Amino acid sequence: MIRVYGLTGCGPCEVIKLFLKQKNLPFEFLDVQEHPEARQKVLEMVGTLTAGVVLEVNGEPIALSGVSIPKLEAWYQEYLRRWRT
């Protein structure tokens, strides 16, 4: 299961959720305004709640800032190599 830590309604968060849906990847979205642990993770990794999104697979978080399709495709290729069976 992939966890997405971000803000409901933010553009980059919505792009990531759509990307994951298009790849048929199961994910859970945790809004940093509603989940203190998600808030803390984003603050630790990104420094602010509005500058990026954190994706976590098997307990390994990766911060994405400046979300773009090429960055998401690169993350997806890494996901396939490391976690997809």
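**Figure 1. Strands and helices of the predicted model.** Two strands are treated as paired if DSSP finds at least two bridges between them. Helices (H or I, at least four residues) and strands (E, at least two) are DSSP runs, numbered from the N terminus. The structure is a predicted model, in which local features need pLDDT of at least 70 and side-chain atom pairs count only at pLDDT 80 or more, whereas totals for chains, interfaces and linings use all residues. Residues are numbered from 1 along each chain as its sequence is written, and side-chain values use heavy atoms, with hydrogens and water left out. The protein chain has three helices and four strands, and from the N terminus on these elements follow the order β-α-β-α-β-β-α.

Figure 2. Strands of a sheet pair through backbone hydrogen bonds, either parallel or antiparallel. Here four strands make up an open sheet with mixed pairing, in the order β2-β1-β3-β4. Because β2 (27-31) and β4 (60-64) stand at the edges, each with a single partner strand, one side of each is left without a neighbour in the sheet. On average, neighbouring strands of this sheet are turned by 20° against each other, direction ignored. Axes are lines fitted to C-alpha atoms, for helices over the stretch in contact, and angles run from 0 to 180 degrees between N-to-C directions.

**Figure 3. The pairing of β1 with β3, and the helix across the sheet.** Strand β1 (residues 2-6) and strand β3 (residues 53-57) run antiparallel and are joined by four bridges. Y5 stands opposite V54 in β3. Helix α1 (residues 11-22) lies across β1, β2, β3 and β4, and runs at about 165° to β2.

**Figure 4. The hairpin of β3 and β4.** Strands β3 and β4 run antiparallel, with five bridges between them. The bridge partner of V57 in β4 is E60. Two residues lie between the strands of this hairpin, in which N58 takes a positive phi near 50°.

Figure 5. P61 is found in strand β4. With a relative accessible area of 30%, P61 is partly exposed; buried means under 20% relative accessible area, exposed over 50%, and partly exposed in between (1.4 Å probe, protein chains only). Not counting residues up to four places away in sequence, P61 touches K41, M45, V54, L55 and E56, where contact means heavy atoms within 4.5 Å. The C-alpha atoms of P61 and G9 are separated by 21 Å, the two residues being 52 residues apart along the chain. K17 belongs to helix α1 and is buried, with a relative accessible area of 15%. K17 touches F27 and F29, again not counting residues up to four places away in sequence.

Figure 6. A pair of aromatic rings is described by the distance of the centres and the angle of the planes. Rings of Phe, Tyr and Trp (its six-membered ring) pair if their centres lie within 6.5 Å; planes under 30 degrees apart count as stacked, over 60 as edge-to-face and the rest as tilted. The structure holds four aromatic pairs. One of them is the stacked pair of Y76 and Y79, at 6.5 Å centre to centre with 15° between the planes. Both Y76 and Y79 lie in helix α3 (residues 69-82), three residues apart, about one turn of the helix. The rings of Y79 and W83 have their centres 6.2 Å apart and their planes at 45°, so this pair is tilted. Y76 is buried at a relative accessible area of 13%, Y79 is buried at 9%, and W83 counts as buried at 12%. One aromatic cluster is formed by F19, W75, Y76, Y79 and W83.

**Figure 7. Dimensions and surface of the protein chain.** The C-alpha trace spans about 30 × 25 × 20 Å along its principal axes. The radius of gyration of the protein chain is 12 Å, which agrees with the value near 12 Å for a compact globule of 85 residues; this radius is taken over C-alpha atoms, and the globule rule is 2.2 Å times the number of residues to the power 0.38. Buried residues make up 35% of the 85 residues.
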